[in-house]
Amino acid sequence: MSCSVARPLEWGTVSSSSAASGIEPIPEAAPTSLCAREPHVPADRLVAEMVPPPRFDSVRFETYIPDPNQPSQTEAVQVLAGFAAGLGGAHALGSGKRGFFGFGKSKAPKTPAGPRGVYLDGGYGVGKTHLLASLWHATPAEPALKAFGTFVELTNLVGALGFQKTVQTLSGHRLLCIDEFELDDPGDTVLVSTLLGKLVDAGVALAATSNTLPGKLGEGRFAAADFLREIQGLSAHFRPLRIDGEDYRHRGLPEAPAPFTDEQVTKAAYATDGASLDDFPHLLDHLARVHPSRYGALTDDLKAVCLTDVQPVPDQSTALRLVVLADRLYDREVPVLASGMPFDQLFSEEMLNGGYRKKYFRAISRLTALARDAKGLVEA
């Protein structure tokens with residue numbers, strides 16, 4: 001599904017670092033460099049893009065294939081389909097289409113009794129985002145009355161619009177889906193929980209997934225108790241749905257391809273229309289200069305991302321920025337072709353055993369899937 005953007009995206013040019021160390025560019029055919037992009041994203045684009053990402057444009061409950069060994073997956077589909085059907089009357093009567101910031105609308109009905117939200121509880125790669133996007137698609141309302149975004153995107157929206165305008169913007173919606181609700185930042189958790197309380201009072205239905213709290217190591221999964229505790233007074237509005245299973249991205253698939261050579265990656269970048277080419281350490285430095293809310297715009301119009309000299313990430317701040325970029329690339333189905341270290345060696349043992357463990361494993365899983373997608377760029 002395409003989204004209309006009220007204003008065109010503006011670009012700024014920053015450092016003109018070479019795309020790949022030691023490679024002389026060909027001016028007439030040189031691929032773009034992410035390090036030469038610094039997008040400026042208007043606030044209205046943040047609102048307009050609160051829809052399922054391109055990877056999940058066509059997903060539906062019917063396209064979710066439950067693991068026959070995991071009955072909780074089949075049950076989740078049934079419960080969510082019923083939840084979507086039950087939203088047909090919510091916010092529909094007298095709501096009409098909202099203005100951009102929600103002005104000029106009749107007041108929303110108060111929330112009916114009983115749970116008005118669902119929480120999808122499971123490990124990474126069991127299809128929670130697929131199901132969350134399917135719920136968005138199945139809810140009988142025009143796209144302008146439904147919102148879908150990650151926790152980070154929601155906090156960025158509050159930062160761009162301010163708290164009150166965000167409440168006004170979203171309070172006329174029938175459904176708000178929040179993917180990867182961040183439980184590792186107490187301040188942001190309180191902020192978003194307060195926002196959700198206002199939206200629940202306005203009659204908005206909620207659906208969410210979440211990340212594991214720091215210190216909850218174990219398998220890094222099943223965070224329902226953490227989620228319900230952290231959202232405090234909102235817990236009564238959520239019905240937890242546990243989804244067991246293995247990471248589907250690796251279920252029955254071959255091992256991730258080994259990294260290619262610098263020469264192979266560079267040649268593929270020049271041969272692929274719409275590809276970018278960057279030296280990995282330079283790209284990590286550049287990410288520190290671009291706000292994570294702009295990483296989606298950073299990848300606009302890219303058909304492939306080519307990286308040379310992939311190395312272990314040096315520190316946690318850099319690692320967390322890379323996680324956001326990996327999420328945006330995965331959302332947009334942008335293949336990633338790389339040389340250097342394999343993606344499962346990006347993060348140190350200390351990082352993989354720390355409070356952000358789940359994020360790093362998700363990034364490895366997603367980058368590995370994108371590396372498989374990119375393999376054909378070299379073979380071609």
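This is a predicted model: local features need pLDDT of at least 70, side-chain atom pairs count only at pLDDT 80 or more; totals for chains, interfaces and linings use all residues.
Q: Which residues lie nearest the centre of the largest pocket?
A: The largest pocket holds about 830 Å³ of space, and its lining divides into 17 nonpolar, eight polar and 16 charged residues. Of the 41 residues that line this pocket, those nearest its centre are Arg45, Glu49, Pro54, Asp300 and Arg332.

Q: Which helices and strands each supply at least two residues of the lining of the largest pocket?
A: Two strands are on the list, E4 (146-150) and E5 (175-181), each with at least two lining residues.

Q: Is the pair of phenylalanine 151 and phenylalanine 181 stacked, tilted or edge-to-face?
A: The structure holds two aromatic pairs, and in this one the ring centres lie 4.8 Å apart while the planes stand at 50°. Planes under 30 degrees apart count as stacked and those over 60 as edge-to-face.

Q: What is the angle between the ring planes of phenylalanine 347 and tyrosine 360?
A: Phenylalanine 347 lies in the loop between strand E10 (336-340) and helix H12 (349-352), whereas tyrosine 360 lies in helix H13 (residues 357-379). Phenylalanine 347 and tyrosine 360 are both buried. Their aromatic pair is stacked, with 4.6 Å from centre to centre and an angle between the planes of 20°.

Q: Which residue has its charged end over the ring of tyrosine 330?
A: The charged end in question sits 3.8 Å from the centre of the tyrosine 330 ring, and it belongs to arginine 55.
A separate contact of this kind places lysine 146 over the face of tryptophan 136, at 4.2 Å from the ring centre, but for tyrosine 330 the residue is arginine 55.

Q: How many residues apart in sequence are the parts tied together by glutamate 180 and arginine 366?
A: The side chains of glutamate 180 and arginine 366 form one of the eight salt bridges in the structure, with 3.6 Å from N to O. Both residues are buried. Glutamate 180 is in strand E5 and arginine 366 in helix H13, so the separation in sequence of the parts they tie together is 186 residues.

Q: Which helices are tied together by the salt bridge of arginine 362 and aspartate 327?
A: In this salt bridge the N to O distance is 2.7 Å, and both arginine 362 and aspartate 327 are buried. Aspartate 327 lies in helix H11 and arginine 362 in helix H13, so the pair ties together parts 35 residues apart in sequence, namely helices H11 and H13.

Q: Are arginine 328 and aspartate 331 buried or exposed?
A: These two residues form a salt bridge whose closest N and O atoms are 3.1 Å apart, and both lie in helix H11, three residues apart. Buried means under 20% relative accessible area. Because arginine 328 has 7% and aspartate 331 also has 7%, both count as buried.

Key: Residues are numbered from 1 along each chain as its sequence is written. Side-chain values use heavy atoms; hydrogens and water are left out. On a 1 Å grid over the protein atoms alone, a cavity is a set of points where a 1.4 Å probe fits but cannot get out, and a pocket is an open set with protein on both sides within 12 Å along at least five of seven lines; lining residues have an atom within 4 Å of a point. Grid points are joined across faces, edges and corners, and a volume is the space filled by probe spheres set on the points. Helices (H or I, at least four residues) and strands (E, at least two) are DSSP runs, numbered from the N terminus. Ala, Val, Leu, Ile, Met, Phe, Trp, Tyr, Cys and Pro count as nonpolar, Asp, Glu, Lys and Arg as charged, and the others, Gly among them, as polar. Rings of Phe, Tyr and Trp (its six-membered ring) pair if their centres lie within 6.5 Å; planes under 30 degrees apart count as stacked, over 60 as edge-to-face and the rest as tilted. Buried means under 20% relative accessible area, exposed over 50%, partly exposed in between (1.4 Å probe, protein chains only). A charge sits over a ring if NZ of Lys or CZ of Arg is within 6 Å of the ring centre and within 35 degrees of the ring normal. A salt bridge is a side-chain nitrogen of Lys or Arg within 4 Å of a carboxyl oxygen of Asp or Glu.
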